[in-house]
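This briefing gathers computed features of one structure and groups them by topic. Please read it alongside the sequence and the coordinates shown here.

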Amino acid sequence: MAKTEFKSESKRLLDLMINSIYTHKEIFLREIISNASDAIDKLYYISLTDSGVGINKDDFKINIDVDKENRIISITDNGIGMDREELDENLGTIANSGSFKFKQENGQSEDVDIIGQFGVGFYSAFMVSDEITVQTKKYGCEQAYQWQSSGVDGYEITEIEKDSVGTKIILKIKEDTEQEKYSEFLEKYRISSLVSKYSDYIRYPIMMETEHRKLREGSDLDNPEYDTVSELETLNSMVPIWQKNKKDVTDEEYNEFYKQKFLDFEDPAKVFANSVEGLVTYKSLLFVPSRVPYNYFTKEYKKGLQLYSSGVLIMDNCSDLVPEQFAFIKGVVDSQDLSLNISREMLQHDRQLKTIANTLEKKIKNELLDWLKNDREAYEKFFNNFGKQLKYGLVADYGVHKDSVKDLVLFYSSTEKKLVTLKEYVERMSEDQTDIYFATGESVEAIDKLPQMEYFRDKGIEVLCCGEDIDEFAIKGLNDYDKKSFKNIVNEDVEGESDSKEDNKDDDEALKFIKDVLGTKVSEVIFSKKLKSHPVCLTAKGEVSFEMEKYMAMAQPEAHIKADRVLELNAAHPAVTALIANITADKEKAEKYAKVLYTQAVIIAGLPVEDPSEYADLVSSLMV
Ligand code: ADP
Ligand code: MG
């Protein structure tokens with residue numbers, strides 16, 4: 001019979017597997033077992049509503065058989081099985097493997113380092129096998145099939161006789177070479193330790209015939225005689241890791257579980273394991289990733305936790321369980337209070353689920369607060385990754401999450417030169433300071449150079465430097481902290497700033513002149529109370545700030561949302577006095593000065609110059 005070729009990308013990966021020099025070849029067993037477990041999950045789920053399945057909950061299992069002489073390991077499950085099309089689809093195309101898809105989307109081109117980090121599923125068995133045979137019968141089908149392949153040259157599917165539903169994977173283990181001792185995988189103790197290491201929490205028994213020495217019955221205790229007996233032994237504890245007591249689980253086990261389950265290369269930055277009893281009873285095991293997932297800030301990223309009901313997976317990505325501000329949290333929730341065959345639609349209105357979500361929100365908040373308190377450095381690293389998300393929580397869902405986030409967000413302090421909490425800021429405030437000062441701009445560095453910062457720097461008043469798009473929205477959403485309101489020093493006058501110019505008629509005329517020159521570009525021209533060494537600055541009056549204008553220009557360009565520009569002049573600055581003097585002496589020059597100074601203010605505010613070539617002409621004409 002002619003062999004079917006593997007699809008091209010599968011071929012490449014297969015080749016890699018067969019010739020792999022990867023040291024973690026042992027993960028093949030984990031991959032095969034996890035597939036068996038998935039297949040049983042599927043049939044078990046059907047059996048809840050379909051009595052035709054005829055398998056009791058306790059009869060689902062995975063069997064491992066070892067035939068050392070013939071170098072064969074076979075793994076048998078009584079799961080859902082596959083029909084011919086599925087064999088062809090699932091095992092003929094590596095692209096069907098979840099991990100491979102992930103790798104492709106992640107733009108990984110170097111295949112080797114990904115193997116074993118979380119495996120490449122079924123194909124990893126080729127790292128240790130010369131030939132793989134899959135015998136399978138799908139639930140509800142009459143005919144059983146066999147899929148066989150010895151590697152890159154393709155595979156063959158034939159019809160076979162098989163009584164029971166499920167799948168048997170038969171691995172012909174490679175001969176030992178100088179470098180590689182494949183025979184170790186034929187040792188039962190090795191298999192048994194691999195199962196404990198990687199597959200302990202699989203919910204179905206993983207059984208293997210093992211030999212034990214047993215005291216011969218009636219044997220004399222002074223002179224004992226033993227028999228070697230074979231017994232079918234369950235190799236895994238079947239207790240999901242999240243059901244275990246925290247003290248019985250090592251960090252490494254948690255990390256391993258996280259990486260496998262949530263397809264990450266790196267250990268999590270933080271693990272929160274909790275057991276809750278009360279209004280609802282549940283266990284949760286949550287993780288904070290140590291890096292931002294590649295698709296995190298795209299629509300593709302799906303927040304949510306895996307939801308189990310007494311150990312049975314009912315939803316892979318239950319988004320209702322995590323509030324927006326904690327969207328980066330990965331993990332598992334298992335509750336015995338949820339009904340098993342609850343539908344997705346019903347879940348949304350489920351009271352128990354709402355209660356769980358509420359307690360989880362508090363739990364996560366408290367865990368993060370503890371983290372902030374006890375390991376500032378690690379927390380700041382986390383904040384650099386996901387701080388944006390926390391800030392977003394201040395505005396998301398009409399601000400209902402404010403209280404759970406306000407003490408978790410950090411801002412860069414102009415005086416402390418580091419990230420600080422709002423609480424720390426307020427504690428440092430002097431008695432006569434009533435508001436929390438912040439400044440918005442392109443970046444912390446750009447804010448530091450703003451003319452508006454001079455006054456505060458001189459006075460040693462702390463200002464929170466908000467260099468991110470989200471910051472201003474976040475602060476608007478927060479509205480106040482500890483009954484103190486926020487003041488954006490870029491836009492608003494600040495108490496204590498002294499008037500540097502008395503009102504008089506000449507000044508009014510000068511201001512009117514400049515306003516006329518600039519026309520609709522500005523809504524107002526005033527003398528500043530805050531400028532020291534800079535001649536001019538631009539501030540925004542009203543609801544829309546410059547940062548919002550910039551943000552909206554990107555997010556919704558068609559809306560043409562613009563801030564109301566106020567040009568502030570430093571009356572003490574020679575450039576401004578020169579401008580005013582020229583209003584009577586040389587009107588044309590005064591007009592040019594006004595335009596140049598305005599454009600400078602625009603540039604400092606980080607806004608685009610409306611007509612760069614006009615500006616260049618102006619400056620050149622003043623130079624000659
Ligand atoms: P993944 O598990 O990430 O989907 P794999 O390469 O491990 O990728 O497996 C590919 C597919 O083959 C699985 O998604 C599943 O549909 C099918 N499969 C593998 N092993 C079994 C099995 N024991 N029973 C039923 N289907 C299986
Ligand atoms: Mg798999």
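Phenylalanine 386 is found in helix 9, where helices (H or I, at least four residues) and strands (E, at least two) are DSSP runs numbered from the N terminus. The model is a predicted one, in which local features need pLDDT of at least 70, side-chain atom pairs count only at pLDDT 80 or more, and totals for chains, interfaces and linings use all residues. Residues are numbered from 1 along each chain as its sequence is written, chains are lettered from A and ligands numbered from 1 in the order in which they are written, and side-chain values use heavy atoms, with hydrogens and water left out.

- Not counting residues up to four places away in sequence, phenylalanine 386 touches Pro289, Arg291, Val292, Pro293, Tyr296 and Phe328, a contact being heavy atoms within 4.5 Å.
- Phenylalanine 386 and serine 290 are 96 residues apart in sequence, and their C-alpha atoms are 9.8 Å apart in space.
- Glutamate 549, placed in helix 16 (residues 546-555), also counts as buried, at 6% relative accessibility.
- The residues that glutamate 549 touches, again not counting those up to four places away in sequence, are Val544, Ile561, Lys562, Ala563, Arg565 and Leu607.
- Valine 152 lies in the loop between strand 4 (144-149) and strand 5 (155-160), and with a relative accessible area of 35% this valine is partly exposed.
- Although valine 152 and lysine 11 are 141 residues apart in sequence, they are 6.0 Å apart in space, C-alpha to C-alpha.

- An open sheet of six strands has the order 15-14-17-16-19-18, with mixed pairing, where two strands pair if DSSP finds at least two bridges between them.
- The edges are formed by strand 15 (419-421) and strand 18 (480-481), each of which pairs on one side only.
- Strand 16 (residues 436-440) runs parallel to strand 19 (residues 484-488) and is joined to it by three bridges, with asparagine 488 as the strand 19 partner of phenylalanine 438 and lysine 487 as that of tyrosine 437.
- Three bridges also join strand 16 to strand 17 (residues 464-466), in a parallel arrangement, and in strand 17 the bridge partner of phenylalanine 438 is leucine 464.
- Five of the five residues of strand 16 are buried, so this strand is largely enclosed by the rest of the structure.
- In a regular strand the side chains alternate between the two faces of the sheet.
- Both faces of strand 16 are covered, with Ile436, Phe438 and Thr440 buried on one side and Tyr437 and Ala439 buried on the other.

**Helix 5 and its packing**

- The buried residues of helix 5 (residues 188-198) are Arg190, Ile191, Leu194, Val195 and Tyr198.
- Seen down the axis of helix 5, these buried residues fall within an arc of 135 degrees, so they line one face of the helix; the arc is that of the directions from the helix axis to the C-beta atoms.
- Their packing partners are helix 2 (27-47), strand 1 (62-67), strand 2 (72-77), strand 7 (206-215) and helix 6 (251-262).

**Cavity and pocket**

- On a 1 Å grid over the protein atoms alone, a cavity is a set of points where a 1.4 Å probe fits but cannot get out, a pocket is an open set with protein on both sides within 12 Å along at least five of seven lines, and lining residues have an atom within 4 Å of a point.
- The structure holds one cavity of 30 Å³ or more, and the largest cavity has a volume of about 120 Å³, a volume being the space filled by probe spheres set on grid points that are joined across faces, edges and corners.
- Helix 5 and helix 6 each supply at least two residues of the lining of the largest cavity, and helix 6 gives the largest share, four residues.
- Among the residues that line the largest cavity are Tyr198, Asp200, Lys244, Glu253 and Phe257.
- The second largest pocket has a volume of about 580 Å³, and of the 19 residues that line this pocket, the closest to its centre are Tyr296, Phe297, Glu324, Gln389 and Tyr392.
- Helix 9 (376-395) and helix 14 (469-478) each supply at least two residues of the lining of the second largest pocket, and the largest share, four residues, comes from helix 9.

How values were computed
Buried means under 20% relative accessible area, exposed over 50%, partly exposed in between (1.4 Å probe, protein chains only).
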